[in-house]
Amino acid sequence: MRTSAQRDRGKPVPPEGRHPAKAPTPARIAVIGGGPGGLYAAALLKRLDPDREVTVWERNAPDDTFGFGVVLSDETLGGIEHADPVVYAALQEEFVRWDDIDIVRGDTRHTSGGHGFAALSRKRLLAVLHERCRDLGVDLRFRTEAPPAATLATAYDLVIAADGVHSLTREAHPEAFHPTLTSHRCRYIWLAADFAFDAFRFEIAETEHGVMQLHGYPYEAATATTPGASTVIVEMREEVWEAAGFADLDAAASVERCAKLFADALGGRPLRGNNSSWLTFRTVVNAHWSHGNTVLLGDAAHTAHFSIGSGTKLAVEDALALAANLQEQPDIPAALAAYETERRPVVESTQRAARASLQWFEELPTYLGQPPLQFAFNLLTRSRRVTHDNLRLRDAGFTEAVERDFGCPPGTPPMFTPLRLRGLELRNRVVVSPMDMYSAEDGVPGDFHLVHLGARALGGAGLVMTEMVCVSERGRITPGCAGLYTDEQAAAWTRIVDFAHAQAPGTAVGVQLGHSGRKGSTKLMWDGIDEPLPTGNWPLVAPSPLPYTPANQTPHALSVAELPAIREEFTAAARRAAACGFDLLELHCAHGYLLSSFLSPLTNHRTDAYGGSLEARLRFPLEVFDSVREVWPADRPMTVRISATDWADGGNTADDAVAVARAFAAHGADAIDVSTGQVVADERPAYGRSYQTPFADRIRNETSVPVIAVGAISSWDDVNSLLLAGRTDLCALARPHLYDPHWTLHAAAEQSYSGPGAVWPAPYRAGSRRPQTGRTDAPKPRLSLGG
């Protein structure tokens, strides 16, 4: 539900000369920084109350500006239009608009349309805001260094620190704002060309030194007397920048060199700079945005990578929200709290998208092996804000070409294309992810498991996975965990597998085998996840005697002589699984359980042949894999679930995950199921939509090993997008299948698909259309009379 501030954000503010109904606060406002965000905040606040004293300090001259073009979204423009039609009208006269994005690699160029951009010169944007501020009576102090925020805060009711990414205000009060500044791996330089591109252009140059990329877009339209102008950003990894010799060039030589590198894109024209230098992007995050009566705005509070064009957009939207909350709230502290509450979720979402885009360009070399159309689709959807479904609405022809190139049969969404792993053909790309149910008795799955897994099998997924099935009694996580170490358990699993195969033909059923290691002997999840049992504990084993938390039991460190017995437990369980009729076997080497704890340096402190280097830490998990693979039928696939990062200092990283995936693939793994974390209790995950997907993406595109992506994938649009972009081969979903056991079939119905990739069980076919919820075809009024 939206807040009242969000609902009213589009309402016009009182025009000049009219006071709002509520007593205005604050009366004296200081703004540090004369960029778009600071200027627009000043104009809005002065317009809301002409009696206010609003002063802006800007160290540069009024006609100084850095950068060239500014891109604003329709959403941002809508907010400007409602809040200040004068500014909106002035900007409208300046905008150049275009719809197309060109992706160019070598001699291949693909164009996608329907995107809708609007841009203008940053200098003109500032001039419009200068003029508006002067008209309203804002005191603009150019070529003047602002006093420190702490000094201003004693003389003014409110201090707005819009002093940019290198904010002196933020740096002066780290204990208040708690900033985190993260530098990234690419160098980039802002330049301009004196002609107007006819599209937003991404061009990839594969040079002898490495991969470089150009981001270009028009910001001034060509006229009969002027050629127009475009922003050009050249970007490359730090090591490529150094290898190409840019570190040794001055600014003029760098500009000239960039023009030669991208001569085709520029039509042989030169580039120009404006105090341009090579930069490294920094992501700015602040735990708090205000300190007393001082508040951060724009880049001082947060940054988002230029590849999604959001810096000015966020600053302008910050200004709108701050002005509105100062108008709506009873006092300044309440207004600043409401401003941050409103804006933080929007900013964090944008920063997640920007980070995904930034990382895509950092890892661009890994995608060069993709087919050209898939590469173009991957680039367009890199931030996860553009998806398969909305790209199809923007440019159906382009999207259909990508689908054909992917291998989609006519009329078939990507998620319903089949995939073969060894002798198993999955009829679609949806996996019901392993989910512990904690509902077994003595390790025996009962009627609950039959109904739970049977319902998901009937629901249309290509592969239904069991929960982690424990290979021994002491390998259980909780007393409610299922096992496969007795004949009684095997008979119960056979019943479930037979039901799925008989009642949902074409659905594959996979078993995940694991051992709890140091995370065992705990309560059922709903009684206290990872908390030790009050009574009835069993001894735990691990590679090293390290408890999961201080409250958990310290495990026995396995000796080399004890390892073969553990390996045999996995092998015996695999034999039983084969006899049960499971179609696929997954070895659980993730989430801090036994095999995972061998892999992580945070949980494996051994000094023998099974500890130390990554190669040594892999030794026992690979021995278990080899032993299981030997008894598992040769025509049935095996996958391995890994934690691609420990989300903790000193733990496994994405680089390690690539090496782990390569090792298992070399031993015969048919796919890697890429999860993350849960290895140590003090992890710091970066949650968000599809947040684990980049790890699967990297493994797939660096190693060519098929992968299963998992983690906050919740929509069929996400699944289609990830598959078409080549970021994964299968998508595993957990919570969506708890919410809706027939998630896959409903996804087919919502996409108007019926075919072999999504077969409704005969008794359910009458439900293959969404039920009507009420009359929607009532006659519309013939005549409306204005009041």
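Visitor: Is Leu618 buried or exposed?
Guide: This is a predicted model, in which local features need pLDDT of at least 70, side-chain atom pairs count only at pLDDT 80 or more, and totals for chains, interfaces and linings use all residues. Residues are numbered from 1 along each chain as its sequence is written, and side-chain values use heavy atoms, with hydrogens and water left out. Buried means under 20% relative accessible area, exposed means over 50%, and partly exposed is in between (1.4 Å probe, protein chains only). Leu618 has a relative accessibility of 6%, so Leu618 counts as buried.

Visitor: In which helix is Leu618?
Guide: Helices (H or I, at least four residues) and strands (E, at least two) are DSSP runs, numbered from the N terminus. By that numbering, the helix that holds Leu618 is H22.

Visitor: Which residues does Leu618 touch, not counting those up to four places away in sequence?
Guide: Contact means heavy atoms within 4.5 Å. With residues up to four places away in sequence left out, Leu618 touches Leu599, Val660, Ala663 and Phe664.

Visitor: What is the relative accessible area of Phe620?
Guide: Phe620 is found in helix H22, which covers residues 614–631. Leaving aside neighbours within four places in sequence, Phe620 is in contact with Leu563, Ile566, Arg567, Leu595, Phe598 and Tyr610. Phe620 is buried, and its relative accessible area is 0%.

Visitor: What separates the C-alpha atoms of Phe620 and Leu595?
Guide: Leu595 is among the residues in contact with Phe620. Along the chain, Phe620 and Leu595 are 25 residues apart, and their C-alpha atoms are separated by 7.6 Å.

Visitor: How many helices and strands does the protein chain have?
Guide: Both elements are counted along the whole protein chain. The counts are 27 helices and 28 strands.

Visitor: Why is the protein chain said to be as compact as a globular protein of its length, and what is its radius of gyration?
Guide: The radius of gyration is taken over C-alpha atoms, and the globule rule is 2.2 Å times the number of residues to the power 0.38. For 787 residues that rule gives 28 Å; the value for the protein chain is close to this, so the chain is as compact as a globular protein of that length. The radius of gyration of the protein chain is 30 Å.

Visitor: What share of the contacts with a separation of 6 or more comes from residues 24 or more positions apart?
Guide: Buried residues make up 58% of the 787 residues in the protein chain. Of the contacts with a separation of 6 or more, the share from residues 24 or more positions apart is 73%.

Visitor: Why are the buried residues of H3 said to line one face of the helix, and within what arc do they fall?
Guide: Helix H3 (residues 74–83) has the buried residues Thr76, Leu77, Gly79, Ile80 and Ala83. Seen down the axis of H3, these residues share an arc and therefore line one face of the helix. The arc is that of the directions from the helix axis to the C-beta atoms, and for H3 the buried residues fall within 155°.

Visitor: Which exposed residues does H3 carry on the face turned away from its buried side?
Guide: The buried residues of H3 pack against several elements, including helix H2 (36–48), strand S3 (69–72) and helix H12 (311–328). The face turned away from the buried side carries the exposed residues Asp74 and Glu75.

Visitor: Which glycine just after H16 takes a positive phi?
Guide: In helix H16 (residues 396–406), Phe398, Thr399, Ala401, Val402 and Glu403 are buried. Their cover includes strand S6 (108–112), helix H14 (372–380), helix H15 (388–394) and helix H25 (716–724). Just after H16, a phi of about 105° is taken by Gly407.

Visitor: What is the relative accessible area of Asp442?
Guide: Asp442 is found in the loop between strand S19 (430–432) and H17. Its phi is near 55°, a positive value in a residue other than glycine. Asp442 is exposed, with a relative accessible area of 66%.

Visitor: What is the relative accessible area of Gln678?
Guide: Gln678 is found in the loop between strand S26 (671–675) and helix H24 (693–703). The phi of Gln678 is near 65°, again positive in a residue other than glycine. Gln678 is partly exposed, with a relative accessible area of 36%.
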